[in-house]
Amino acid sequence: MKLLCSQSDLSTNLSLVSRAVPSRPNHPVLANILLQADAATNQVSLTAFDLSLGIRTSFSAEVWQGGAIALPAKLLLDITSRLPEGEITLDDEASVASTGEGLIVTLTPKSGCYQLRAMSAEDFPELPIIEDAEPIHLTAAALIEGLRGSLFATSADETKQVLTGVHLSVKQDTLEFGATDGHRLAVVETTNESPLGGSGELEVTVPSKALRELERMLAHHAADDAIALYLDQGQVIFEWQNQRLTSRTLEGQYPAYRQLIPRQFERQITVDRKQFLSTLERIAVLADQKNNIVKLTIDHASQELTLSCEAQEMGSGRESMPAEISGEDIEIAFNVKYLMEGLKALPSSEIQMHINQNLTPVIFTPLGGLKMTYLAMPVQLRS
């Protein structure tokens, strides 16, 4: 194998795929990145796979001789990222080292020469494929919207593994993202551009780690880029342009979260999202000193929403802001972190709060735009 590529192309694509290299591989070859060069198409592809998450990307290069080899991921990235911009020649040759036979890859930038011990490409595991599956087509924008509006609500508790992922439900012409950690719930509905054939739905739960990598990768793409999504009960694949992300799905029954969302409400409050969020951030300084609890007082007569916090022996804080309020007065308390994270994810200038009682689920929705529902459970105020 012999090829010529730019330092920036090699470094950028290595940093992208290296996020799927396990920190503690249970097999030596998994600490490597598979490099494949195709002389017919002048394309170089890089693959990393930890047996759960797999990332593949490709870029153009001048390939004089095709081939494939597994290269040490960390070493290759550390060297390549520090090389000056310009052209790099990659060349593999069989050599006999003092310790015996081995594969050596030579990197030749304009300023020098580096040799790395490599492994055979045959030892590298194949990325999974989903056979006979019709892809679901989405835009990058729809996928990013769904991820931004749901990922933050996943659980970090590995003992409830199914809650550490986002639940994807493919319906006739929509894709729904649902995430809950048991204290709050985020649901986003985006348009699916290729309706499912037949009737019924397809549902899988995808690990949040894989979806965070997907979100990071898509951030560099145009909003209208087409993404093909292949779903199976054991595997999910996202494919676009010259990139692919594969992930195992999480096993177990995901909670029927739609049943948690109330259908009717006694109170409705419309408020400016940015003002609400900035006020919360100030109150949170005091809330962090004690129990992370912020109290909301809803005053119908004055059409005001008041946020307050009492941190004994530290002080207290109180701020009011205008709001459109329908329904009777109420005092209700929340974990301030859950409120702030939800408000950051709601993509609109104004939001609505839908409330029944001070200990029943509260729903937050954006006013116009994205179809998103955020549910937060209030906490009990101790007098």
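Tutor: Gladly! Let us begin with His 183, which has a relative accessible area of 44%. Please keep in mind that the model is predicted.

Student: Why is His 183 called partly exposed?

Tutor: Buried means under 20% relative accessible area and exposed means over 50%, with partly exposed in between. His 183 has 44%, so it is partly exposed. You will find His 183 in the loop between strand E12 (174–180) and strand E13 (184–191).

Student: Which residues does His 183 touch, not counting those up to four places away in sequence?

Tutor: They are Tyr 338, Ala 376 and Met 377. Contact means heavy atoms within 4.5 Å.

Student: What makes Thr 246 buried?

Tutor: Its relative accessibility is 0%. The cut-off for buried is under 20%, and therefore Thr 246 counts as buried. Thr 246 lies in strand E17 (residues 243–248). Leaving aside neighbours within four places in sequence, its contacts include Phe 49, Ser 52, Leu 53 and Gly 54, as well as Gln 235, Val 236 and Ile 237.

Student: Why is Asp 132 called exposed, and why is Asn 42 called partly exposed?

Tutor: Exposed means over 50%. Asp 132 has a relative accessible area of 85%, so it is exposed. Asn 42 has 30%, so it is partly exposed.

Student: Let us turn to the domains. Where do they run?

Tutor: Domain 1 covers 2–123, domain 2 covers 136–258 and domain 3 covers 263–376. The centres of domain 1 and domain 2, taken over C-alpha atoms, are 30 Å apart.

Student: How do you know that domain 1 and domain 2 are in contact?

Tutor: Contact needs heavy atoms within 4.5 Å. The contact takes 12 residues from domain 1 and 13 residues from domain 2. The size of an interface is often given as the accessible area lost when the parts come together. Between domain 1 and domain 2 about 1100 Å² is buried, and carbon and sulfur atoms give 45% of that. In domain 1, the residues that lose the most area to domain 2 are Arg 19, Leu 53 and Arg 56, together 40% of what that side buries.

Student: How many helices and strands does the chain have, and how many charged side chains?

Tutor: The chain has six helices and 26 strands. It carries 30 positive and 49 negative side chains, and the centres of the two sets lie 7 Å apart.

How values were computed
Residues numbered from 1 in each chain as written. Predicted model: local features only at pLDDT ≥ 70, side-chain atom pairs only at ≥ 80, totals over all residues. Heavy atoms only, no water. Helix = DSSP H or I, 4+ residues; strand = E, 2+ residues; numbered from the N terminus. Lys, Arg positive; Asp, Glu negative; His and termini not counted. Charge placed at Lys NZ, Arg CZ, Asp CG, Glu CD. Domains from an automatic or database assignment. Buried area = accessible area lost by both parts, 1.4 Å probe. Buried < 20%, exposed > 50% of the residue type's maximum accessible area, 1.4 Å probe, protein only.
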